[in-house]
Amino acid sequence: MNFETQQTSSEKNQNTRNNPVLEFILNVTDAGKYIWQHYMEWIIDVSWGKLFLACLLTLIIGGILSIHSLANWLVIGSLLLKCFIGKEDQDQAQATPAQANTQSNTQNEISEKVKPDEVHQEN
């Protein structure tokens, strides 16, 4: 049992190369990740009009090919993603910690410049 846990990464890679089913599954998961990332980027970047056109075409083609439920879920999922994931969310997710620190420092400087007791009040 200890021998199995002490396998090196090269031995695991060798096992992967010798197992065509495992290699196929790893390739399929890598392809799925690639497709999902590009699909999300497209959903975020595309305009609402183009998205509605793509959804309409998806529903028409799904009806022709008799895959209504798959087409419906794809359209609903795309619209929900577009509603809840905006460009701001994508930008924040891609921001590095250094950029986040720079933004927080800038906000701290602004808040230090304007203090509540310095606000002009009309009497």
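1. W48 and F52 sit four residues apart in helix α4, so about one helical turn separates them. Helices here are DSSP runs of H or I with at least four residues, strands are runs of E with at least two, and both are numbered from the N terminus. The model is predicted: local features need pLDDT of at least 70, side-chain atom pairs count only at pLDDT 80 or more, and totals for chains, interfaces and linings use all residues. Residue numbers start from 1 along each chain as its sequence is written, and side-chain values use heavy atoms, with hydrogens and water left out.

2. How many aromatic pairs does a search of the whole structure find? The search finds two. A pair of aromatic rings is described by the distance of the centres and the angle of the planes. Rings of Phe, Tyr and Trp (its six-membered ring) pair if their centres lie within 6.5 Å; planes under 30 degrees apart count as stacked, over 60 as edge-to-face and the rest as tilted.

3. One of the pairs lies in helix α3 (residues 20-45), where W36 and Y39 are three residues apart, about one turn of the helix. Their ring centres are 5.8 Å apart and the planes stand at 40°, so this pair is tilted. W36 is partly exposed at a relative accessible area of 48%, and Y39 is partly exposed at 21%. The classes are buried for under 20% relative accessible area, exposed for over 50%, and partly exposed in between (1.4 Å probe, protein chains only).

4. For W48 and F52, the ring centres are 5.8 Å apart and the planes are at 35°, so the pair is tilted. W48 has a relative accessible area of 37% and is partly exposed; F52 is partly exposed as well, with 46%. K82 lies over the face of W48, at 5.7 Å from the ring centre. A charge sits over a ring if NZ of Lys or CZ of Arg is within 6 Å of the ring centre and within 35 degrees of the ring normal.

5. L79 has its place in helix α5. Apart from neighbours within four places in sequence, L79 is in contact with W48, L51, F52 and C55, contact being heavy atoms within 4.5 Å. L79 counts as partly exposed, at 23% relative accessibility.

6. Two further C-alpha distances can be listed. L56, in helix α4, has its C-alpha atom 9.8 Å from that of A71, at 15 residues apart along the chain. S69, in helix α5, is 9.5 Å from L59, C-alpha to C-alpha, and 10 residues from L59 in sequence. L56 is partly exposed at 47%, whereas S69 is exposed at 52%.

7. Which residues make the nonpolar surface patch? L53, L56, L57, I60, I61, I64, L65, I67 and L70 make a patch of about 890 Å². Helix α4 (residues 48-64) gives the largest share, six residues. I64 lies in helix α4 and is exposed, with a relative accessible area of 65%. Patch residues have over 30% relative accessible area and no salt bridge; like charges are joined within 9 Å, and nonpolar side chains (Val, Leu, Ile, Met, Phe, Trp, Tyr) within 5 Å. A salt bridge is a side-chain nitrogen of Lys or Arg within 4 Å of a carboxyl oxygen of Asp or Glu.

8. S66 lies in the loop between α4 and α5 (68-84). Its phi is near 60°, a positive value in a residue other than glycine. Most residues other than glycine have a negative phi. S66 is exposed, with a relative accessible area of 55%.

9. Of its 123 residues, 11% count as buried. Among contacts with a separation of 6 or more, 60% are between residues 24 or more positions apart. The chain exposes about 10,600 Å², with carbon and sulfur atoms supplying 60% of that area. Accessible areas come from the Shrake-Rupley method with a 1.4 Å probe; for residues, only the protein chains shown count as cover.
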